[in-house]
Amino acid sequence: MTSPHLRRWRQGHRAAAAVCAGLACLSVMCRQFSFAAIASPNPIATLRSAVRNEGSERPTQADVLQALVQAKTPPGERDIVFRKVVDSGKKWRLFYVASKDQVAAARTGKDTLPGIYLSSLNYVQSFEGQGDVRIKQEGISGSVLGIPWFIGDIARIKWPDPEKRSTMVIESMMNVFKALGQEIKFPADGVMGPGPDGDAKFNLAPVGKGSGGDFTTVNFMYADDDVAVAVAETGAIALYGATDV
């Protein structure tokens with residue numbers, strides 16, 4: 001069972017995250033103009049430039065959004081996406097996000113505000129393990145007065161029928177906070193921790209389209225050695241770059 005103190009901590013953390021996200025979006029909306037989507041002649045090159053370059057060398061937010069909605073993996077090559085994304089030891093940094101409404105507008109050529117670069121946010125996800133069930137860790141890291149910290153999530157993942165599907169299924173096991181050489185873990189209610197029993201139960205559990213329940217899903221539209229394009233259950237789209245690009 002979760003203590004009242006832990007529940008309040010989690011509620012406060014989620015509220016703070018929502019406020020920060022809202023302020024960031026509001027700031028962008030106040031200084032960006034809407035645009036009409038124009039097809040990118042080479043969307044993958046645009047995405048690679050977005051994660052490799054900084055400042056004025058980067059493509060505009062509008063160009064990145066249009067490239068994201070164009071980036072797709074041919075159905076016969078979907079198993080490549082699986083291997084590229086969850087390769088053990090691979091780390092992906094989040095570089096850019098856009099909302100469901102912005103994605104819809106870009107697909108139909110309507111005027112919309114572009115998404116946003118997350119240059120100042122060190123949000124990384126990494127994968128470990130082999131086989132049908134693997135471990136994913138993701139979260140934000142930084143430092144205060146030279147003291148490093150990390151707050152994030154540890155989850156188990158599976159990827160049913162990787163030759164045919166581009167969907168990663170995720171079960172969060174715990175939240176983690178690291179600072180001052182200490183690690184504090186907050187296990188998820190009713191979820192078995194790391195280990196073969198929990199992995200087997202997770203692997204056998206059925207998952208429908210858009211679980212909306214104990215599991216969440218992410219659809220990877222494209223991935224190679226340098227970039228990955230992910231669509232969340234909410235419809236938001238994200239651009240990740242390999243940390244060694």
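I looked up Ala232 in this predicted model and found it in strand β11, residues 227–232. Strands are DSSP runs of E, at least two residues, and helices runs of H or I, at least four, numbered from the N terminus. Ala232 is partly exposed because its relative accessibility is 32%; buried means under 20%, exposed over 50% and partly exposed in between, with a 1.4 Å probe and protein chains only. Ala232 and Thr216 are 16 residues apart in sequence, and I noted 8.5 Å between their C-alpha atoms.

I used the numbering that runs from 1 along each chain as its sequence is written. Local features need pLDDT of at least 70, side-chain atom pairs count only at pLDDT 80 or more, totals for chains, interfaces and linings use all residues, and side-chain values use heavy atoms, without hydrogens and water.

Next I searched the whole structure for aromatic pairs and got 4. Rings of Phe, Tyr and Trp (its six-membered ring) pair if their centres lie within 6.5 Å; planes under 30 degrees apart are stacked, over 60 edge-to-face, the rest tilted. Phe82 and Trp159 pair edge-to-face, at 5.4 Å centre to centre and 75 degrees between planes. Phe82 is in helix α4 (78–86) and Trp159 in the loop between β7 (147–158) and β8 (167–179), so this pair ties together parts 77 residues apart in sequence. Phe82 counts as buried at 16% relative accessibility, and Trp159 counts as buried at 5%. I also noted that Phe82, Trp159 and Phe220 form one aromatic cluster.

Last, I checked Lys158: its charged end sits over the ring of Phe202, 4.9 Å from the centre. This requires NZ of Lys or CZ of Arg within 6 Å of the ring centre and within 35 degrees of the ring normal.
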